[in-house]
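Dear colleague,

Please find below the structure that I am handing over to you. My notes on it follow, and I would be grateful if you read them with the structure open.

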Amino acid sequence: MTRRYFAVTLVAVIISVAVAGTLLFGNASLSDAELKVARSLSLASLPKIPPDPSNVVADNADAVQLGALLFDDTGMSANGLVSCATCHLENRQFQDDLQFSRGIGTTDRRSMPLRGVGYQTWFFWDGRKDSLWSQAIGPLENAVEHGFTRSQVAKHVLATYPDEYTRLFGPAPKLAEIPPASPLGNQMQQANWQQLSEPTRDEINRIFVNTGKSIAAFERTLVPLENRFDRYINAVSSGQEPGEDATLSKQEINGFKVFAGKGSCIDCHSGARLTDDFFHNTGVPDPNNPPSDRGRATAFAELDADPFTCLGRYSDAAPDSCLDLQFMAREVDLFDRTFKSPGLRGIAERPPFMHAGQIETLEQVIEHYNNAPPAPLGHSEIVPLGLSNREKADLLAFLRTL
Amino acid sequence: MNKFTVLTRTILIVATAFVAFNFFPLALNAQDNAVSQVSTGEQFVVSFTPENPDSQRNSPHAWIAEIKTADGEPVTNATIMVDGGMAAHGHGMPTRPRMTENLGDGHYKIDGMQFHMAGEWQLNLAITVDDVTDTVTFDQVIQ
């Protein structure tokens, strides 16, 4: 009897200690199933970059070189001061740390980091572009970004990079004296565009597009970088003791469990880039009152009207390979105020957060998800999480390892 | 049963629950995906599988529907509408798949399937033959 009593007490004590231990420190090791999920978020599961059949020079080394020059070229802007790198700084994960970016004017959305961008299907916060090259020609003619016109871009590129251009795209046409002309410019620039013959417009468009295709080739080389979480997962899944730069604290591991479990973050921030590449309404506030940004809902009409999509004449893809565009879900109501889930690599280093930089700190981001406020427009997909203070702190610690 | 056995049992149960909860909280639902199913109105026996098992789930890709009568005869003149969603998350597919080809012998190609989230999806097929429509839903675990 006493021996039995002793045994039972011993078991009870061991369990109490274990329970108390978990309450205090959490269970900081990963089960096989958890490790599998964790691995799915690490660089180990990043596939090869998908081909871009709409861009014949997507993986051409000369195009990469020309694209790198164009990315930094301030000669393609209204004041000679703005390049892509103005708002996408290499040493800042190719974003600019600002709520709104400054080019010729001020943008109404936040700049986006570019590492891993070659894996994406839809570009911009609302996905209104379906290829990297078509995206790249957007800012050049945007009045608040480069404020340039396509005729000026064409002339500048032929004058500055004649050999590089010819090597890639064959002999360039001689462009006559053409005033700044674009179908998207101001009244005068649009009038100038109207004056041009159809063949001239086509020549200009082609040089403009080839400029975009070269920039896209360069952007495809901007691969995601390894973080501490990747190193930890690599070590653990190969059965090694994580080295000094590869350790995760118990709190960080618990944060991963919140991310993949109770927090449901992984529902949208999945895969090695921590994004599902899709559009969601997460109820973030709109800086304007009444709210003005409808996100993805306005992108379908823009894609339809865009001559530079996968299905247009400047694409190198066979129309039947443009599956994303052909099968795209496009109900305006369903997508009201939805935005693309951003990847979360390097996230702690680049506040402010969200499409209009409307949330300043990661702590506030976590509060936002925990509270799940109603959306200013459309319907928020997120629900209150009921995270404890400890879980919030754990989640924050995990996000900082990315 | 004396009070110590009760206590021992309780402790055992708590301990098992503790281990299960702490060490396997993320285990995926291991349910098998059904291969073929009878439609709601029992008109058809339907199977629905990816054309290429290596397709990336989060890019548009094709699935093949095979439709037979209850007697096992191939149904060769069907029109199929497909949609899908995740009941647990209240959202649909990121694409709008369509039947793109009647491959003959009761096989049909449904292109534009895409899954932006891993987990259990419901795939709904509405099959119309000679103005009569019958439906079938597949619960499909997508990894």
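Leaving aside residues up to four places away in sequence, A:Gly105 touches A:Ala143 and A:Val144. This glycine sits in the loop of chain A that runs between helix H4 (84-87) and helix H5 (132-141). A:Asn210 is 105 residues from A:Gly105 in sequence, and their C-alpha atoms are 26 Å apart in space.

Please bear in mind that this is a predicted model. Its scores are ipTM 0.84 and pTM 0.89. For chain B the mean pLDDT is 84, with 77% of the residues at 70 or more. Within chain B, residues 19-32 have a pLDDT below 50, although this stretch has 22 contacts in the model beyond near neighbours in sequence. Where pLDDT is low, the predicted coordinates should not be read in detail.

The next point concerns the backbone of chain A. The loop between H4 and H5 of chain A also holds A:Phe124, whose phi is near 80°, a positive value in a residue other than glycine. Further along, A:Asn289 and A:Pro290 are joined by a cis peptide bond with omega of about -5°. A:Pro290 belongs to the loop between strand S1 (279-280) and helix H12 (299-305) of chain A. The peptide bond from A:Pro351 to A:Pro352 is cis as well, with omega near -5°; A:Pro352 is found in the loop between strand S2 (339-340) and helix H14 (362-371) of chain A.

How do two helices of chain A, H3 and H9, cross? The axes of helix H3 (residues 61-71) and helix H9 (residues 198-219) come within 7 Å and cross at roughly 100°. Angles of 65 to 115 degrees count as roughly perpendicular, so H3(A) is roughly perpendicular to H9(A). Among the residues making the contact are A:Ala63, A:Leu66 and A:Phe71 of H3(A), together with A:Ile215, A:Phe218 and A:Glu219 of H9(A). By type, the residues of this contact comprise nine nonpolar, three polar and one charged.

The lining of the largest cavity consists of eight nonpolar, five polar and four charged residues.

With kind regards

Technical notes. Residues are numbered from 1 along each chain as its sequence is written. Chains are lettered from A and ligands numbered from 1 in the order in which they are written. This is a predicted model: local features need pLDDT of at least 70, side-chain atom pairs count only at pLDDT 80 or more; totals for chains, interfaces and linings use all residues. Side-chain values use heavy atoms; hydrogens and water are left out. Ala, Val, Leu, Ile, Met, Phe, Trp, Tyr, Cys and Pro count as nonpolar, Asp, Glu, Lys and Arg as charged, and the others, Gly among them, as polar. pLDDT is the predictor's confidence in each residue, from 0 to 100. Contact means heavy atoms within 4.5 Å. Axes are lines fitted to C-alpha atoms, for helices over the stretch in contact, and angles run from 0 to 180 degrees between N-to-C directions. Helices (H or I, at least four residues) and strands (E, at least two) are DSSP runs, numbered from the N terminus. Angles under 35 degrees count as roughly parallel, over 145 as roughly antiparallel, 65 to 115 as roughly perpendicular and the rest as oblique.
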